Amino acid sequence: MSAETPAVPGQFSRRRLQFRAWRGTRPFWAGLFVLFAGFPIMYFPYAHLQVGHLTLAMATTAGAGSLIIGVLLVVLGISLWFQAHIRVFAGVAAILLGLVSIPVSNFGGFVVGFLFALIGGAMAVAWAPGAPPAPEPAAQAGTGQDGTPGTSLDKATDAGAVSDSNDLSGTSPANGANGRHSAG
């Protein structure tokens with residue numbers, strides 16, 4: 001095996017790359033944060049913590065409300081993974097459920113679930129699907145201005161970024177203004 005021989009990817013590498021491609025097409029991290037937000041909100045109202053020989057019962061009168069909020073956050077997190085088109089609704093709903101969890105379930109799962117819901121909801125609202133990469137056209141060997149093959153450079157590519165439509169100053173030589181219309 002030489003240095004130029006490409007390594008054949010194994011099953012693990014192939015699955016990891018497939019998961020990475022799947023993860024890149026949806027708000028994965030937002031869904032993970034929203035999913036993790038539901039667990040402390042569901043758990044703490046029903047938990048019995050042992051501190052030495054002392055048992056602390058966290059049970060509140062709104063235990064069912066905490067359970068409903070936690071389950072809804074878990075469902076919203078999973079739906080963000082598999083239905084990326086509902087990202088704005090799920091993000092806003094996660095933020096609202098996180099805010100409602102403050103008075104209902106022990107300060108939003110001792111602030112942990114509340115913060116995860118806010119961060120995940122904000123990430124879901126802010127996420128936008130990326131544009132697929134455009135296929136690059138094959139390099140064509142044309143003739144340049146002097147007639148030699150393979151030197152097809154025109155003045156637009158020589159100007160570089162100045163000739164792009166990104167120049168909004170109105171003072172570049174490419175648009176013919178040459179600083180005449182500047183305010184300075």
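Reader: Happy to start with the helix pair. Which residues of α3 meet which residues of α4?

Author: Before the list, a reminder that this is a predicted model. From α3 come G65, S66, I69, L72, L73, L76 and L80, and they meet R87, F89, A90, A93, A94, L97, V100, S101 and V104 of α4. Sorted by kind, the residues of this contact are 12 nonpolar, three polar and one charged.

Reader: Why are α3 and α4 called roughly antiparallel?

Author: Let's set the value against the cut-off. Helix α3 covers residues 63-82 and helix α4 covers residues 87-104, and the two pack at an angle of about 160 degrees. Angles over 145 degrees count as roughly antiparallel, and α3 and α4 are therefore given that description.

Reader: What else describes how the two helices pack, besides the angle between the axes?

Author: The distance between the axes is the other part of the description. For α3 and α4 the axes are 10 Å apart. As for handedness, α3 passes α4 in a left-handed crossing.

Reader: Good, let's stay in α3 a moment. How do you know whether S79 is buried or exposed?

Author: S79, which is found in helix α3, has a relative accessible area of 16%. Buried means under 20%, so S79 is buried. Leaving aside neighbours within four places in sequence, S79 is in contact with A84 and I86.

Reader: And what makes H48 count as buried or exposed?

Author: H48 has 53% relative accessibility, and the cut-off for exposed is over 50%, so H48 counts as exposed. H48 sits in strand β1, residues 48-51. Apart from neighbours within four places in sequence, H48 has contacts with T55, L56 and A57.

Reader: Let's step back to the whole chain. How many helices and strands are there, and in what order do they run?

Author: The protein chain has seven helices and two strands. Starting at the N terminus, the order is α-α-β-β-α-α-α-α-α.

Reader: One last point: what share of the contacts with a separation of 6 or more comes from residues 24 or more positions apart?

Author: Such residues account for 62% of those contacts in the protein chain.

Note on methods. Residues numbered from 1 in each chain as written. Predicted model: local features only at pLDDT ≥ 70, side-chain atom pairs only at ≥ 80, totals over all residues. Heavy atoms only, no water. Axes fitted to C-alpha atoms, helices over the stretch in contact; angles between N-to-C directions. Helix = DSSP H or I, 4+ residues; strand = E, 2+ residues; numbered from the N terminus. Parallel < 35°, antiparallel > 145°, perpendicular 65-115°, else oblique. Left-handed = near helix turned anticlockwise from the far one by under 90°. Contact = heavy atoms within 4.5 Å. Nonpolar A, V, L, I, M, F, W, Y, C, P; charged D, E, K, R; others polar. Buried < 20%, exposed > 50% of the residue type's maximum accessible area, 1.4 Å probe, protein only.
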